[in-house]
Amino acid sequence: MKIVVVGTGYVGLVSGTCFSEMGNNVTCVDIDATKIKKLKKGELPIFEPGLELMVANNIAAGTLHFSTDLSTAIQGAEIIFIAVGTPMGDDGSADLQYVLDVAKSIGETIQHRSIIVDKSTVPIGTADKVKTTIQKALDKRNVTIEFDVVSNPEFLKEGAAIVDFMKPDRVVIGAESHYAIEKMKQLYTPFCMSHERFITMDVRSAEMTKYAANAMLATKISFMNEVANICELVGADANQVRIGIGSDNRIGYSFIYPGCGYGGSCFPKDVKALKKIAEEYNYKANLITAVEEVNDLQKLVIVHKITSKFGKDLSGKTFGIWGLAFKPGTDDMREAPSLYIIKELVKLGAKIQVFDPKAMDEARSFYLKGLKNVVYMNSKYAALSNADAMVLLTEWKEFRSPDFDEIKNLLKAPVIFDGRNQYNMFNLEKKGFEYYQIGK
Ligand SMILES: NC(=O)c1ccc[n+]([C@@H]2O[C@H](COP(=O)([O-])OP(=O)(O)OC[C@H]3O[C@@H](n4cnc5c(N)ncnc54)[C@H](O)[C@@H]3O)[C@@H](O)[C@H]2O)c1
């Protein structure tokens, strides 16, 4: 099948590459000319395990192409995916300008029947807006071309995106016509060979499914963080409570780790957008609002632990930080809790020595650009040299079982603040550390 994917970010690039891996002829389009130039040479704008090799193989096989020219790329394409960003607007709602820009360009240049698929996470009713935008452009051209607008929300996780896309738990398709459903089935069948994972529904329900899924996961995280905060007050251990409740399969173990809050490009903006969508329909989403409030406070819990020990004036203190990315396996720094924590520590006068396996360039050149008193170190141990304490903020695999003797030697005093509760099974107090975790 000839396919076009518009937007070569985490979702567009992974989807396009995986579709080409299954033998489709895919063109990935982006307005960022530098990105496309690099992609044509096999240079990736993002870090995602396994993606670089897959892109290189498919470029070499002639099934994956990159272009900035949408109007040429869509000629002959049966399916056109819109996978551009839907960032948080000023009022918290999803900003649809990129999605609708693409829809307009499609309407202005399309020549034959196509299926246009919203893969971006978009508010309920966006497919109708996309449809109207395309139709208006067609009317302006005075042409009649049949097209379908389908909702196909994406559930991949950064850091495991290839596996998630190649073996999805489910493929959700919101569509109105039998033709569109059959085409989408044809495209996704190779990804769902072992059992039926194709779920079809109406367009609005498909759009809502994505927000509901992210809001549910964010709720689990905020719920557990709130329980952890109460555990601290009542003298319980949140980690033991986690194991206790996770064993109930109605609750399950995933997404109930206490920590310094959720971040990333999806949960914060999607939770906010869902709240906003409800408001537009005059519904006050109390639970969703609380999920967000708990998360905002949670990002600073580790800072409070640090100031409880060192006082509110941190001048003259140095902290060795492990981890910048909002989670392991990605260089994505959008809404990462580390940003809030580092800025707060610097504001209180601290100096930061930081190491992250993948996200240092992003932080240095954009998210923490120009922030004084932040030094980027070339190894995890170098970040601890002569520091007053170590602070763990991202649970990268290479941080999970470190050499604690080495850590002790490097730090001025053996003090660890564990923002991800990674080391509570190591009996660090017995090893002579002052050990602070979340929820105990
Ligand atoms: N990142 C994730 O883990 C994830 C997971 C599921 C769903 N989503 C959703 O998928 C969508 C895309 O997310 P992302 O993280 O891949 O975004 P991203 O910001 O990484 O990439 C978006 C890309 O779209 C390009 N773009 C913008 N306007 C364009 C236009 N008019 N024509 C062509 N290209 C254009 C940008 O240059 C950029 O390369 C969002 O709605 C997001 O919420 C993201």
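Reader: What covers the buried residues of α3?

Author: The cover includes α1 (10–21), β3 (64–67) and α7 (161–166). Cover here rests on contact, meaning heavy atoms within 4.5 Å. This is a predicted model: local features need pLDDT of at least 70, side-chain atom pairs count only at pLDDT 80 or more, and totals for chains, interfaces and linings use all residues. Residues are numbered from 1 along each chain as its sequence is written, and side-chain values use heavy atoms, with hydrogens and water left out.

Reader: Which residues of α3 are called buried?

Author: Leu51, Met54, Val55 and Asn58, in a helix that runs over residues 51–61. Buried means under 20% relative accessible area, exposed over 50%, partly exposed in between (1.4 Å probe, protein chains only).

Reader: What makes the buried residues of α3 line one face?

Author: Seen down the axis, they fall within an arc of 100°, so they line one face of the helix. The arc is that of the directions from the helix axis to the C-beta atoms. An α-helix has 3.6 residues a turn, so residues three or four places apart point the same way.

Reader: Which exposed residues does the face turned away carry?

Author: Glu52, Leu53 and Ala60. After α3 comes Gly62, with a positive phi near 80°.

Terms used. Helices (H or I, at least four residues) and strands (E, at least two) are DSSP runs, numbered from the N terminus.
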